[in-house]
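Here is a short briefing on one structure. Look it over first, then work through the points by topic.

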Amino acid sequence: MTDPLARPPKKDPQVRTRVPTRPSHFRSRAALGIAASAAEGRFMLQVCGECRAVQYPPRDACAACLSIDLAWRDVSPLGRLIAETTVRTSTSIYFRERAPWRIGTVKLEAGPSVMAHLHGDLLPDADVRVVSVLDKSGQGVLFAVPDDATPNMEDDPQMREMTSDPKHRRVLITDARNENAPALAKALADAGASMIFVGEAESWRPYPHRGALAAIPNVDILPMDVTDTASVRELCGEIGGKTDILINNARFVRPGGILDRADVGFAREEMEVNYFGLLRLAQHFGPAMRGRGADGDNSAAAWVNILSVNAWANSPDYGLFSASNAAALSLSQNLRADLWDGGVRLLNVFTGPTEDEWHQPLPPPKVTPAAIARAMIDGLKGGLEDVFVGDVAKDLIDRWRAGPKILEREMMENRGASS
Amino acid sequence: MPRGAKRHPYDGIVAVAPATVPYQRFSKEAAHWWIARALKQSLDAASLSSRDVDGLIVSSFTLFPDSAVGLTQHLGLSPRWLDDIPMGGACGVVGLRRAARAVQSGDADVVACVAGDTNHVDSFRRMLSSFSRFAQDASYPYGSGGPNACFALLTDHYMKRFGARREDFGKICVAQRQNALRNPHAVMKTPLTMEQYIGARPISDPIALFDCVMPVAGAECFLVMREEDAKAEGIPFAYIRATIERHNAFPDDPIQMRGGWAVDIGELYAMAGLKPEDMQVVQTYDDYPVIVMMQFEDLGFCGKGEGPDFVRAHDLTIDGDFPHNTSGGQLSAGQAGAGGGYLGLTEAMRQVTGTAGPTQVTNARNALVSGFGMINFDRGLCSGAVILSGEGA
């Protein structure tokens, strides 16, 4: 059984913040498939298209029949732990700082044996489930966990290195005025976040859910407007050094495509919030978070953007909003690369049409704030990079992967029918 | 496809002039420096000059950016036959096989086989992180314990599966240290007790400090030539009775329990016309004691899983009933990179030619030498073995 993680002590300002180090991030191109599946929390290995042999380590040709038709497929994650060791000396600074570190050999039901990080609750010869996760280098690794959940298993020190668990972490939600703010704050409080700062623009202007938001434990509403550089700078000066997880839920949305609008007014506001807002936040909070990626149990862990899935494929009915989200998606990739060095993860939660006033005439299914909150928590606890919430978003990304050009036609044909 | 023709013996081909450049823990010199010294030492022993060398085989991890080709110009050699054998602990056996056939076929008259590496303060870490593609992708990111961690997994599995105890591995290490105390070139110069072995600092459980080789700088060399030429020079020589090599054997074993020797061992003894009990001295590849135990099994001295009992039943020291790794092996003499793949071979050549000096086993006419190398991902891929014979002492 894992010991529950204790609340981290208050930081000693005289002690140097530990500089983030990383496990080796070098991988062959084929091996990057592990990271790609880990980013979504799937367990995939290469499977030969000709002889069905499951391959590991990732490679360029089938070791059974020499076929080069090796596709990444979901395979059984079950296996048995057949050997283990506790590494006490390492040539890597990262592991040296975290030694002793436990690894093992797992014989997978799917065929090959793999080397994996081991969860502390695993006993010798245990039946295990192997998950693909991202380590602090941002690369994919395999992690063996007990097949059945154990108490506090998310608090295992090796596991917590792979995840962005909100427990005992301090969170900033950037937009109190967004209808989803109370659901996000509530989910984070339930997940054990120790402080939940919420940025509030134009405090003089009332909004219906403020009371509910303020009533959530550990919530602290502070002034910030993502369209105002000075206000972002000011809040960052106050809490930037203790923001462990940043949830960027600021969003400006209006229906309409290019020919529905007579000027660039709304488009500019969409960019101001959805694109420049993210940029302002990143320029201020990003450096502090990157520097605190190894700062103890409440180190900086993750940056979360809540984006429209139409960042991937334009929905003409919300064409300009889609465009601003496409810009934000691209910017998020830049931010992911920048945060990489610090071991801080960037998670994008992609949603379909949401249950709010600006999507009111659209037919269901629409995504509720509670569903977004659940997806965000799952993404943080799983250490993911990409989460698709709701049937519309999942369906869209499936179609995008099958063929972006075909999807573009489908989006045009569906005009007026959905988002 | 049916298995090929009967193998030709190595009649008339001999190995001579084993050279060992005394090892150092760390060196500021480059691999080229170490290799040059070993080569010179072999040539001097055979009264040859570098102009007489028309074949060259090189093994080294630290020659980069050079390979065997660069060495020819660096060392002023003009060979008509050249090979570069990147097979770590199997490079000695494999090099000897290649060289013997080259001389036998007349492609070369004298092949110099040389292996060695330098050891800078940070070179071991650098080598580990880029050792192989599979290691980079699938083992190094898991704790970066290097070969210690990989062999810890094999050891853990072997102990659980076959009932080996730490004391059994300890017996191998303690015996080798006793042997090393008689080898003036050994890096380890103080006795090792079982209590010290068991109580040593843990490195990667169940492996502790004295299960691990110490990386050092050093080089080893020998020459392969025609028997008649060796006789003409009046230098001691060893006959090559039989050889085998195998790579990536038993890929379906979920974890390594045996090496490629198990595939080919019958052929080795048949080719030599000898049996395991005919070996007066055995030099196994010993980067970790678990692989020594597997070799006792796979080389036919006992059955699979009987390694622990075999070790308990025998005295592995120079004067014991099963003289093994008489120089102290890598565990006590040090691992000079690829030179580790030559250590058993040069020592066996000295043994069967009666020139081993303080480590000499009496009446050592036949020696078995095995090599093992390249933990590409989770297991050693290369294995080889050779039987050498001589007049003994």
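**Where the chains meet**

In this predicted model, 30 residues of chain B are in contact with 31 residues of chain A. Two residues are in contact if their C-beta atoms, placed from the backbone, lie within 7 Å. Residues are numbered from 1 along each chain as its sequence is written, while chains are lettered from A and ligands numbered from 1 in the order in which they are written. Local features need pLDDT of at least 70, side-chain atom pairs count only at pLDDT 80 or more, and totals for chains, interfaces and linings use all residues.

**The chain B side**

- Four elements of chain B give two or more residues to the side touching chain A: helix H4 (123-129), helix H5 (133-138), helix H6 (146-162) and strand S5 (202-204).
- Helices (H or I, at least four residues) and strands (E, at least two) are DSSP runs, numbered from the N terminus.
- H6(B) gives the largest share of this side, 6 residues.
- The side divides into 15 nonpolar, 9 polar and 6 charged residues.
- Ala, Val, Leu, Ile, Met, Phe, Trp, Tyr, Cys and Pro count as nonpolar, Asp, Glu, Lys and Arg as charged, and the others, Gly among them, as polar.

**Two helices in chain A**

- The axes of helix H6 (residues 229-239) and helix H7 (residues 265-291) of chain A come within 9 Å and cross at roughly 30°.
- Axes are lines fitted to C-alpha atoms, for helices over the stretch in contact, and angles run from 0 to 180 degrees between N-to-C directions.
- H6(A) and H7(A) are therefore roughly parallel (angles under 35 degrees).
- H6(A) brings Thr229(A), Val232(A), Arg233(A) and Cys236(A) to the contact, and H7(A) brings Arg280(A), Leu281(A), His284(A) and Phe285(A).
- These residues divide into 4 nonpolar, 2 polar and 2 charged.

**The two faces of H6(A)**

- Val232(A), Leu235(A) and Cys236(A) are buried in H6(A) (20 or more other C-beta atoms within 10 Å of a residue's own; exposed means 12 or fewer, partly exposed in between).
- Seen down the helix axis, the buried residues of H6(A) fall within an arc of 105°, so they line one face.
- The arc is that of the directions from the helix axis to the C-beta atoms.
- Ala230(A) and Gly237(A) are exposed on the face turned away from the buried side.
- The cover over the buried residues includes strand S10 (195-200), strand S11 (219-223) and H7 of chain A.

**A buried loop residue in chain B**

- Asn376(B) is in the loop between strand S10 (366-375) and strand S11 (380-389) of chain B.
- Asn376(B) counts as buried because it has 21 C-beta neighbours inside 10 Å.

Key. Parallel < 35°, antiparallel > 145°, perpendicular 65-115°, else oblique.
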